[in-house]
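Have a look at the structure first, then read on.

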Amino acid sequence: VPGIGPLIATAIAVLAPPAETFRRGRDFAAWLGLVPRQHSTGGKQRLGATTKMGERSLRRLLIIGANSVIIKQHVHATARPGTWLAGMLTRKPAMLVRVALANKMARIVWALMAKGEVYRSPTAAA
C-alpha cells in the first residue's frame, strides 16, 4: 500500500486487534480516530472535525505515511492528475487531505487483514 512501509505494517500487526473485531473498514478507521465527529439529529447529518479519540501511535504513523505519498506525488501513481488524491489536493487544505488519505489507507489495511489478501495496485482505467 503506498505510504505503508515495514515500520507501519509491523506497528499495525502488533498494536491493532484482529480484523474480525471490526465489522467494516470504517469501524477500524474510527478505532484509530481517523473519522469525522458526527453531530446528527432529525435525519440531518453534520460532520465535524476529526475525532482524535483512537489509537494515537497508529494514527500518527498512518498520517506520516499519507504525508510521504503527498510529498512524493511524482513517484506514486495514486497522486497523478485526474485521480482522487490530486483532485482533493486542489480543493482542500493539505492537512485535511493527509488525514483523509490516512483514513483511506486504514480501510485498505483492514480489508487486506480481514480477507487475508495481498495488496494489488489499482490498474489505470482505459
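## How the helices cross and pack

H1 passes H3 in a left-handed crossing (left-handed if the near helix is turned anticlockwise from the far one by less than a right angle, right-handed if clockwise). Before going further, a word on the source: this is a predicted model, where local features need pLDDT of at least 70 and side-chain atom pairs count only at pLDDT 80 or more, while totals for chains, interfaces and linings use all residues. Residues are numbered from 1 along each chain as its sequence is written, and side-chain values use heavy atoms, with hydrogens and water left out.

**The overall layout**

The protein has five helices and two strands, and along the sequence they follow the pattern α-α-β-β-α-α-α. Helices here are DSSP runs (H or I, at least four residues), as are strands (E, at least two), and both are numbered from the N terminus. Of the 126 residues, 32% count as buried; buried means under 20% relative accessible area, exposed means over 50%, and partly exposed is in between, using a 1.4 Å probe and protein chains only. Take the contacts between residues at least 6 apart in sequence, and 54% of them join residues at least 24 apart. Contact means heavy atoms within 4.5 Å.

The table gives the packing geometry. Axes are lines fitted to C-alpha atoms, for helices over the stretch in contact, and angles run from 0 to 180 degrees between N-to-C directions.

| Helix pair | Packing angle | Axis separation |
|---|---|---|
| H1 (residues 6-15) and H3 (residues 56-71) | about 155° | 10 Å |
| H2 and H5 (residues 94-115) | about 125° | 8 Å |
| H3 and H5 | about 110° | 8 Å |

To put words to those angles: under 35 degrees counts as roughly parallel, over 145 as roughly antiparallel, 65 to 115 as roughly perpendicular and the rest as oblique.

Start with H1 and H3, which pack at an angle of about 155°. That makes H1 roughly antiparallel to H3. On the H1 side the contact uses Leu7, Ile8, Ala11, Ile12 and Leu15, which meet Ser57, Leu58, Leu61, Leu62 and Gly65 in H3. By class, the contact has eight nonpolar, two polar and no charged residues. For the classes, Ala, Val, Leu, Ile, Met, Phe, Trp, Tyr, Cys and Pro count as nonpolar, Asp, Glu, Lys and Arg as charged, and the others, Gly among them, as polar.

H3 also packs against H5, at about 110°, and the two are therefore roughly perpendicular to each other. H3 passes H5 in a right-handed crossing. From H3 come Leu62, Ile63, Gly65, Ala66, Asn67, Val69 and Ile70, and they meet Met95, Val97, Arg98, Val99, Leu101, Ala102, Met105 and Ala106 in H5. The residues of this contact divide into twelve nonpolar, two polar and one charged.

Then there's H2 with H5, at about 125°. These helices are therefore oblique to each other, and their crossing is right-handed. H2 brings Gly25, Arg26, Phe28, Ala29 and Leu32 to the contact, and H5 brings Asn103, Ala106, Arg107, Val109, Trp110 and Met113. That comes to seven nonpolar, two polar and two charged residues.

The structure holds three aromatic pairs. Rings of Phe, Tyr and Trp (its six-membered ring) pair if their centres lie within 6.5 Å; planes under 30 degrees apart count as stacked, over 60 as edge-to-face and the rest as tilted. Phe22 and Trp31 have ring centres 5.8 Å apart and planes at 55°, so this pair is tilted. Phe28 and Trp31 have ring centres 6.1 Å apart and planes at 20°, so that one is stacked. Both Phe28 and Trp31 lie in helix H2 (residues 25-32), three residues apart, about one turn of the helix. Ring pairs link Phe22, Phe28 and Trp31 into a cluster.

How covered are they? Phe28 is buried, with a relative accessible area of 1%. Phe22 also counts as buried, at 10%, whereas Trp31 is partly exposed at 27%.

The buried residues of helix H4 (residues 84-91) are Leu85, Ala86, Gly87 and Met88. What covers them includes H3 and H5.

Ile64 lies in helix H3 and, at 51% relative accessibility, counts as exposed. Its C-alpha atom is 9.4 Å from that of Val99, 35 residues apart along the chain.
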